[in-house]
Amino acid sequence: MTAIAVSSAITSGRGELVNVRQRTLLVAKWRILWVVGAFALIALIALVRIAWLGLFEGAPQRQDGLAALLPERGDIVDRNGVPLARAFPAYALWYNPAALGGDGPPLVHGPRVVAEALVRVFPDMNADQLTARLAEGRPGYLRRRLLPEDANRIHALGEPALEFPREIERYYPQGSMAAHVLGFVGADGHGHVGMEQVFDKRLTDPATRAAPAVLSLDTRVQGALEDELSRGMLDAAAKGAAGIVLDVDTGEVVALASLPAFNPNLIDRAGEANIFNRVTNQVYELGSTFKPISIAAAIDAGVVTDMARRYQANRPLEIGGFQIRDSHAFGGSLNVPEALIHSSNIVTAQVADQLGSARLNATMRALDMNQRPGIELPARGFPIWPDGDWSRITTMTVSYGHGIAVTPLHLASAYAAMVNGGVWRPATLMKVEPGKANPGRRVWKASTSARMRQLLRMIVDLGTGRKANAPGYRVGGKTGSAEKPGAGGYRKTSLVATFAAAFPMDHPRYVVIAMLDEPQGTSATWGQRTAAFNAAPIVGRVVPRIGPLLGVMPDDTRDVDISDLAPLVANGNGE
């Protein structure tokens, strides 16, 4: 009986163990099924989401570590890699009247006390205006681009309403240099006026902003041009100035200056003062600087073949009730070299009359004098161009730079074509790689260009451009002093004085233009207002400064061969 009981208990225990094992396996299987089901559900949700994004949300924007390292806005550099515009993190000063909360005053110490404290940190701010601004209780910027030490000084005032948000700011390391080329970035984060506006998309696109935008400018040349223009403007008490240095073979603008300038770092405080570009946006009657262009057209057309031929110069030309006069009496007659050396309106008008309106008009059109200047800047002035068929008097006056108004950049491109062998190219602010220059279009024969190089050199060597004669640099060029038009006719007391030059004339490399707007006769300009005494000296100082920087060294052993023309030049009285 005892043996049977033991056997029955053992059998019963084994059965229970089997049942437990089966239940455990079943639970494990269900758990696995639940886990697999959960993963399947997650995968299904992910697939549905991907399908939804693909069908309805568009392509996702690519974000990677490299994009995070890029500047918010790409750099602008000169042709040598010198930075002209960069993005950098900075503090701003923001006024938040609601910072203290409640219905009490927004400031702890009151608007006047805070305003005076801020003026001690920023002396250029106006305490009265700032007091009124704080008293308004309107949130907004009080100042951008704070230095950390200035932010610390303001923080020490203990005013919760004065906040210091961190922002990405645009910084111009060269200050006001080339400001009219660069433009500025406004509070909206977009470029305005200059190449900042032109490059706006490129500089902000993550796909392109890593590489800097490279300009044709050379900061060394730009600095020299601005310095000498500023000095000339001050010497002549002029109200403005403009200047260009242009590569005659590529059309690259190596320097471009408009004065007065502005500092793009301070544009939010200075407003938009002085952002108008006199080089590309303002049109002027540029006077006698047009005479070589007209003479070149006549030589090219075969109208002037004998440089010794003399034209009457002792009395005004009477044309349709108008009189064309010279500023001085040059004697009974002048030939073409003498007419350019002494800047005779009377002789130039006679040559243009023989050339005819159609051919002079065609030359001016070939130089784009009837269109906005060809350059990337958004601010480009439209010329004042005589409509229809030019009358005889219009042809004559245009020949010496009146009755037609263009920008100084138009003039620079025309002179480049006149000395480089006769090929006109549009100006560009983009660096041109070797062999990639715009092919341009032919305006004059190479022989005409060679003759004009002789004549321009003679003007500087013997004529009105002598004060531009930088030793060793073989400068050639032409003065132009034009009265500005006004109500009732031309204003004799308001001049635009221009000197258009190129160097070295035995193998021209660069055109240099210097223009002064309404210069006055001062002791520094020998009491004279004309270009011979104010604009020409600027070029005479600029060329020796920039020549070596551009690979043009002074050489007194070389010059243009003018041996065939020199015997034709007398003292201007027909002898």
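This is a predicted model: local features need pLDDT of at least 70, side-chain atom pairs count only at pLDDT 80 or more; totals for chains, interfaces and linings use all residues.

Analyst: Two packed helices are described by the angle between their axes and the distance between the axes. Helix H14 covers residues 357-366 and helix H15 covers residues 392-399, and their axes come within 10 Å and cross at roughly 45°. On the H14 side the contact is made by Ser357, Leu360 and Met364, while H15 contributes Thr395, Val398 and Ser399. Sorted by class, the contact of H14 with H15 holds three nonpolar and three polar residues, and no charged ones.

Another residue of H14 is worth a look, namely Thr363, which has its place in this helix. Thr363 has a relative accessible area of 12%, and it counts as buried because that value is under 20%. If its neighbours within four places in sequence are left aside, Thr363 is in contact with Ile293, Ala297, Val443 and Trp444.

A second pair of helices can be described in the same terms. Helix H11, residues 291-300, packs with helix H16, residues 408-419, at an angle of about 40°, and their axes are 11 Å apart. That makes H11 oblique to H16, and H11 passes H16 in a left-handed crossing. Here Pro292, Ile293 and Ala296 in H11 meet Leu411, Ala414, Tyr415 and Met418 in H16, and the residues of this contact divide into seven nonpolar, no polar and no charged.

Finally, these helices belong to a protein chain that has 18 helices and 19 strands. The radius of gyration of the chain is 37 Å, well over the 25 Å that the globule rule gives for 575 residues, so the chain is more spread out than a compact globule. Its C-alpha atoms fill a box of roughly 165 × 60 × 50 Å, taken along the principal axes. Of the 575 residues, 49% count as buried, and among contacts between residues at least 6 apart in sequence, 71% join residues at least 24 apart.

How values were computed. Residues are numbered from 1 along each chain as its sequence is written. Side-chain values use heavy atoms; hydrogens and water are left out. Axes are lines fitted to C-alpha atoms, for helices over the stretch in contact, and angles run from 0 to 180 degrees between N-to-C directions. Helices (H or I, at least four residues) and strands (E, at least two) are DSSP runs, numbered from the N terminus. Contact means heavy atoms within 4.5 Å. Ala, Val, Leu, Ile, Met, Phe, Trp, Tyr, Cys and Pro count as nonpolar, Asp, Glu, Lys and Arg as charged, and the others, Gly among them, as polar. Angles under 35 degrees count as roughly parallel, over 145 as roughly antiparallel, 65 to 115 as roughly perpendicular and the rest as oblique. A crossing is left-handed if the near helix is turned anticlockwise from the far one by less than a right angle, and right-handed if clockwise. The radius of gyration is taken over C-alpha atoms; the globule rule is 2.2 Å times the number of residues to the power 0.38. Buried means under 20% relative accessible area, exposed over 50%, partly exposed in between (1.4 Å probe, protein chains only).
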